[in-house]
Amino acid sequence: SVPMTYFAGLGASSKRGILVKGGNYLEALSKAGVLVFDKTGTLTKGNFKVDKIHAEKDISKDEILRLTAHVESFSNHPIAVSIVNEYGKDIDKSIIKEYKEVKGKGVQATIGGKKVISGNLKFIKDNNIQVEESKTPGTIVYTAIDGQFAGFITISDEIKEDSKKAIQGFSELGINNVVMLTGDRKITADAVAQKLGITKYKYELLPNHKVDEVEKLIESKGDKSLVFVGDGINDAPVLARADVGVAMGGVGSDAAIEAADVVIMNDEPSKLIDGIKIARKTKKIVN
Ligand code: ADP
Ligand code: MG
């Protein structure tokens with residue numbers, strides 16, 4: 001049974017915009033020893049802007065943008081949303097057939113009879129299409145049309161102002177095991193980790209690789225608990241696997257908010273500092 005004092009702890013955290021779905025999660029938060037963060041939408045805003053469009057010889061930049069926006073139009077990934085926004089015109093959904101999304105890689109469909117594939121380098125290569133890696137910094141969405149590489153769109157995201165404060169705050173709480181996991185490329189992961197002072201991070205991970213990484217970390221956590229913080233896009237299995245799964249309430253999907261044990265209403269990672277402090281205080285009173 002859950003001691004009465006936990007109700008006070010749950011109330012105190014909810015007043016600060018941290019919804020904890022039970023006294024057992026407050027107990028687990030008080031023992032937080034490993035903090036694992038998703039990157040996109042969690043440490044960064046998940047609000048990508050298009051920086052550059054590259055088109056191969058036989059096609060225009062406008063056509064790359066039009067076809068990529070169409071193939072992305074059924075995806076709710078922040079990358080997809082940004083490209084559809086950049087296109088700005090109406091999407092004719094009636095010309096889109098055989099749509100498929102491959103989580104952590106990209107999307108494909110037939111657009112007005114053309115077979116369009118958009119996603120990361122690995123996704124294009126998985127489809128046996130020859131493509132050269134672009135050295136441009138940022139996140140890159142490559143597009144192939146009818147089996148030929150046709151161009152790419154470079155996009156960039158911004159780090160949340162709050163993220164740096166959060167990472168510093170955890171070390172003040174005595175928690176130094178902070179890890180970032182991302183499906184994005186190395187160059188982007190390096191830049192974000194360096195700006196935030198995160199020394200442990202892994203990149204180019206598929207959703208199931210993120211679960212594997214969390215399982216490895218769980219094995220070495222001792223009597224502490226592992227907290228995973230994500231936005232729910234491509235990381236729902238990790239939210240479920242962690243001792244405490246924390247979802248961003250603003251950008252997170254309904255499914256993520258439901259799967260999570262804790263919801264941060266305003267999407268600020270530093271709210272976790274408040275949550276851990278309240279959990280520790282509650283625990284002291286209970287014991
Ligand atoms: P993150 O760990 O940064 O949240 P995801 O697992 O959501 O990343 O995605 C990993 C990578 O897969 C992205 O960086 C991107 O290269 C590619 N990707 C995923 N979804 C899409 C999409 N809808 N369109 C293009 N690329 C995508
Ligand atoms: Mg994600």
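Predicted model: local features only at pLDDT ≥ 70, side-chain atom pairs only at ≥ 80, totals over all residues.

Colleague: How is the chain divided into domains?

Modeller: Domain 1 takes 5–45 + 159–286, and domain 2 takes 49–156. Those bounds come from an automatic or database domain assignment. The C-alpha centres of the two domains lie 31 Å apart.

Colleague: How many residues of each domain are in contact with the other?

Modeller: 10 residues of domain 1 are in contact with seven of domain 2. Contact here asks for C-beta atoms within 7 Å. On the domain 1 side of that meeting place, by class, there are four nonpolar, five polar and one charged residues.

Colleague: On to the sheets. What is the strand order in the open sheet with seven strands?

Modeller: The order is β1-β13-β12-β11-β2-β9-β10, and the pairing is mixed.

Colleague: And why are β1 and β10 called edge strands?

Modeller: Each of them has a single partner strand, so one side of β1 (18–20) and one side of β10 (200–202) are left without a neighbour in the sheet. From one strand to the next, the twist averages 20 degrees.

Colleague: How do you know that β2 and β9 pair?

Modeller: Pairing needs at least two bridges. Strand β2 (residues 32–38) and strand β9 (residues 177–181) have five, in the parallel sense. One place to look is Asp38, which stands opposite Leu181 in β9.

Colleague: Which helices should I look for on that sheet?

Modeller: One of them is α2 (residues 23–30), which packs on the sheet and touches β1, β2, β11, β12 and β13. The direction of α2 makes about 100 degrees with that of β12. Another is α8 (residues 207–219), lying across β2, β9, β10 and β11 and running at about 155 degrees to β11.

Colleague: Now the other sheet. What is its strand order, and what is the pairing?

Modeller: Six strands form an open sheet in the order β3-β8-β7-β6-β5-β4, with antiparallel pairing. The edge strands are β3 and β4 (96–102): each has a single partner, so one side of each lacks a neighbour in the sheet. The twist averages 15 degrees from one strand to the next. Helix α3 packs on this sheet, touching β3, β4, β5, β6, β7 and β8, and its direction makes about 105 degrees with that of β5.

Colleague: How do you know that β5 and β6 pair?

Modeller: The cut-off is at least two bridges. β5 and β6 have six, in the antiparallel sense. Thr110 stands opposite Lys115 in β6, and Gly106 has Gly119 as its bridge partner. The two strands form a hairpin with two residues between them, and Gly112 in the turn has a positive phi of about 50 degrees. On β6 there is also a pairing with β7 (residues 139–145), antiparallel over four bridges, where Val116 is partnered by Ile145.

Colleague: Last one. Which residues of α4 are buried, and what do they pack against?

Modeller: In α4 (residues 78–87), the buried ones are Pro78, Ile79, Ala80, Ser82 and Ile83. The label asks for 20 or more C-beta neighbours within 10 Å. These buried residues pack against β3, α3, β5, β7 and β8. The helix lies across β3, β5, β7 and β8, at about 75 degrees to β3. After α4 comes Gly88, with a positive phi near 75 degrees.

Definitions and conventions. Residues numbered from 1 in each chain as written. Chains lettered and ligands numbered in written order. Contact = placed C-beta atoms within 7 Å. Nonpolar A, V, L, I, M, F, W, Y, C, P; charged D, E, K, R; others polar. Axes fitted to C-alpha atoms, helices over the stretch in contact; angles between N-to-C directions. Buried ≥ 20, exposed ≤ 12 C-beta atoms within 10 Å, placed from the backbone.
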